[in-house]
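Let's take a walk through this model together. Have the sequence and the coordinates open, and we will go from one region to the next.

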Amino acid sequence: MFEKRDLCWLLKPVSKKQIVTWFMEDRAPSVTARTIEREMPLLFDGISRSQKEDASIVLSLTEEGSLGDEGYSIDKTESGYVIKGGTQKGLLYGIFGLHRLLVGKNGSFPYISIPDQNYRMINHWDNFDGTIERGYSGNSIFFDHNKFRGDMNLIRQYARLLASVGINAVSINNVNVRKYERFFITGDYLKEIKKIGDIFTEYGIQIFLAIDFAAPISVGKLSTADPLCPEVASWWRHAVEELYRIIPDFGGFVVKADSEHEPGPFTYGRSHGDGANMLAKAIRPFGGIIVWRCFVYDCTQDWRDRSLDRARAAYDLFHELDGSFDENVILQIKNGPIDFQIREPVSPLFGSLKETNQILEFQITQEYTGHQKDICYLVPMWKEVLDFDTRHGASSLVKKAVREYSPNQKLSGICAVGNVGMDRNWTGNKMAQANWYGYGRLAWDNDLTSEEIAKEWLYLSFDLTDDAMKKALSILITSRDTYENYTCPLAVGFMCKPGIHYGCDIDGYEYDCWGTYHYADRDGVGRDRTAATGTGYTKQYSPLKFQEYEDIHTCPDQLLLFFHHVPYTHVLHSGKTVIQHIYDTHFDGVEKVKEYQAKWESIRDVLDEDSYKNVRDRLNLQLKNAVEWRDQINTYFFRKSGIGDEAGRTIYN
Ligand code: GCW
């Protein structure tokens with residue numbers, strides 16, 4: 001039924017011998033039931049539908065309620081398996097779950113799985129012209145040359161991959177809303193969007209759109225988009241009414257306002273509460289929600305002005321609005337205070353917002369983490385964020401705070417910027433599929449380990465020997481540290497090429513307007529964000545976290561240059577000086593990439609040719625990138641500090 005689009009994790013059916021028949025009890029006809037019907041023979045090779053008892057899967061709706069709207073349980077019986085779900089959607093997740101357990105050969109039964117987060121969303125930054133902002137896997141699967149691509153088969157494949165890892169919401173267009181996309185909320189566009197939405201619905205996924213806050217002007221030809229102007233509010237009400245007439249199960253809007261030149265309520269002297277709540281009121285009668293992004297900062301900063309600190313922006317703006325948003329507004333908060341760097345502290349909004357629905361935002365697409373050329377398995381980073389102890393009150397871990405401090409827990413969760421495109425293997429670098437897969441799995445089950453997730457994906461995607469599995473796993477698991485090692489040291493961030501964000505350019509942003517400065521001089525490096533002598537950003541954390549970050553003696557090494565400006569001779573907890581740490585990590589990073597190449601080469605025989613070549617070619621690019629970073633960073637800091645490498649390795653002066 002599906003064309004074999006390359007190399008996804010659902011291509012291995014469970015063999016005929018294991019499961020022969022399936023049967024769904026209480027089968028009320030529905031879109032989801034039809035999807036289950038279609039999925040069973042795809043996932044379980046040659047399986048047929050009948051009530052026979054031998055080697056069967058029984059799908060059973062349970063009234064108990066303990067599995068919630070989306071959870072499922074799987075039990076092994078003498079004749080096969082029983083999957084229970086509170087809803088048909090739960091059953092759908094259950095059959096993907098059983099497939100995963102059987103192919104991965106790691107099932108232990110009974111198995112119960114209930115998602116930890118309610119919204120598990122993907123945001124696309126796809127443009128109508130087919131390009132993708134920060135996309136590294138080819139063009140959009142939805143759009144092409146200002147038309148809808150219309151490949152419904154492809155979209156269905158995408159939807160089933162999403163559902164297989166538990167994604168339940170997708171926004172399909174870029175939050176930077178351009179000329180044509182502004183009209184997506186109108187008639188003819190909506191008819192096309194409905195076709196995509198209908199396929200998503202089959203897989204339990206709600207469709208969302210990113211909107212232009214100034215649409216009343218750009219689309220409606222009004223003279224203002226002031227959220228407190230009755231005419232504007234009424235314009236939105238009509239627009240939303242029309243939208244829901246065409247797509248009754250539409251999820252809602254994602255809004256980037258007053259950020260990076262996108263319009264917003266500030267234009268009219270209004271607050272973000274005014275802006276979000278006006279939209280929320282328009283969409284509420286239809287059950288829709290407003291996902292309002294907190295990525296708001298001044299991107300026209302004067303680098304000479306040290307009093308401004310971009311890291312402070314989201315908290316400064318949104319913390320005081322806590323409790324003032326309508327019940328169907330969710331704030332979407334990036335994991336760190338700046339912008340998806342390889343290492344950042346966790347946003348101080350988590351745990352400190354206590355009366356606002358919230359969604360944590362990750363970035364799967366590797367904007368600052370190697371453009372899907374370099375291997376960078378991001379799950380370890382995401383886990384650090386989820387497990388971060390904000391030390392604010394009882395629900396102090398981020399994964400708990402997001403849900404428990406949302407007044408309506410159903411309106412909380414996690415979202416991430418997607419990383420797929422038209423490339424045959426979806427993600428450019430095949431290894432980047434592990435991030436997409438891993439994001440879904442982690443958003444569903446926050447307690448899975450990075451290693452468990454990587455193993456699952458490797459099992460489902462390749463046929464590896466134990467030795468090859470170990471090697472591939474070790475590449476993935478160490479790859480985030482490796483990327484960090486050869487790029488920006490100690491969370492200093494943004495030493496990348498401006499605009500594209502790949503490759504090294506240490507001063508590329510130093511005298512620019514973006515608020516991302518490292519302040520390296522001949523004596524030291526880093527941004528002083530302390531309350532005592534710096535920007536006071538540390539104050540945005542809970543008292544215990546504040547103390548930890550404020551004090552140079554307790555600030556974790558990994559985050560040192562984010563919080564402090566220190567001399568190159570400052571001694572880290574590791575016992576090394578900052579300058580020696582910089583040299584060591586940069587030399588190590590490059591060696592690691594060489595090791596990855598050797599490992600990949602050594603498992604060639606057990607890999608399919610496409611995957612082998614795909615990753616090999618990218619590892620070659622990664623090595624070039626790593627060498628360039630190493631040499632530029634080492635030379636730069638050697639020139640600044642005049643301090644040589646203790647180990648006497650080559651540093652170009
Ligand atoms: O990281 C920055 C990116 C922009 C992006 C923005 C955002 C969609 O460089 O390309 O715009 O974040 O999150 O809105």
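Is Asp-258 buried or exposed? Asp-258 counts as buried because its relative accessibility is 13%, where buried means under 20% relative accessible area, exposed over 50% and partly exposed in between, with a 1.4 Å probe and protein chains only. Before going further, please note that this is a predicted model, in which local features need pLDDT of at least 70 and side-chain atom pairs count only at pLDDT 80 or more, while totals for chains, interfaces and linings use all residues. Residues are numbered from 1 along each chain as its sequence is written, and side-chain values use heavy atoms, with hydrogens and water left out.

Back to Asp-258, which has a positive phi of about 55° although it is not a glycine. Look for Asp-258 in the loop between strand E12 (252-255) and helix H7 (272-283); helices (H or I, at least four residues) and strands (E, at least two) are DSSP runs, numbered from the N terminus. Tyr-519 also has a positive phi of about 55° without being a glycine. Tyr-519 lies in the loop between helix H13 (466-486) and strand E17 (524-525), and is buried at a relative accessible area of 9%.

Now turn to the sheet. Six strands form an open sheet with mixed pairing, in the order E2-E1-E3-E5-E4-E6; two strands pair if DSSP finds at least two bridges between them. At the edges are strand E2 (48-49) and strand E6 (111-113), each pairing on one side only. Helix H1 (residues 31-43) packs on this sheet, touching strand E1 (21-24), E2 and E3, with contact meaning heavy atoms within 4.5 Å. The direction of H1 makes about 175° with that of E1. Within the sheet, strand E3 (residues 56-61) and strand E5 (residues 80-85) run parallel and are joined by 6 bridges; Ser-56 stands opposite Gly-80 in E5. In the loop between helix H2 (88-103) and E6 you will find Pro-110, which is joined to Phe-109 by a cis peptide bond with omega about -5°.

Next come two helices. Helix H4 (residues 187-202) and helix H6 (residues 230-246) pack at an angle of about 40°, with their axes 9 Å apart. Axes here are lines fitted to C-alpha atoms, for helices over the stretch in contact, and angles run from 0 to 180 degrees between N-to-C directions. Gly-187, Leu-190, Lys-191 and Lys-194 in H4 meet Glu-242, Leu-243 and Ile-246 in H6.

From Lys-194, move on to Val-398: the two are 204 residues apart in sequence and 35 Å apart in space, C-alpha to C-alpha. Val-398 sits in helix H10 (residues 398-404) and is buried, with a relative accessible area of 0%. Leaving aside residues up to four places away in sequence, Val-398 touches Val-346, Phe-350, Leu-360, Val-385, Leu-386, Phe-388 and Thr-390.

Finally, consider the domain annotations. An unreviewed UniProt entry gives "domain: Glycosyl hydrolase family 67 catalytic" for residues 111-426, and over residues 111-426 the chain is 26% helix and 15% strand, with the end C-alpha atoms 30 Å apart. The unreviewed UniProt entry also gives "domain: Glycosyl hydrolase family 67 C-terminal" for residues 427-649. Over residues 427-649 the chain is 52% helix and 2% strand, and the end C-alpha atoms are 37 Å apart. UniProt positions are given in the numbering used here, feature names are shortened, and annotations may be inferred rather than shown by experiment.
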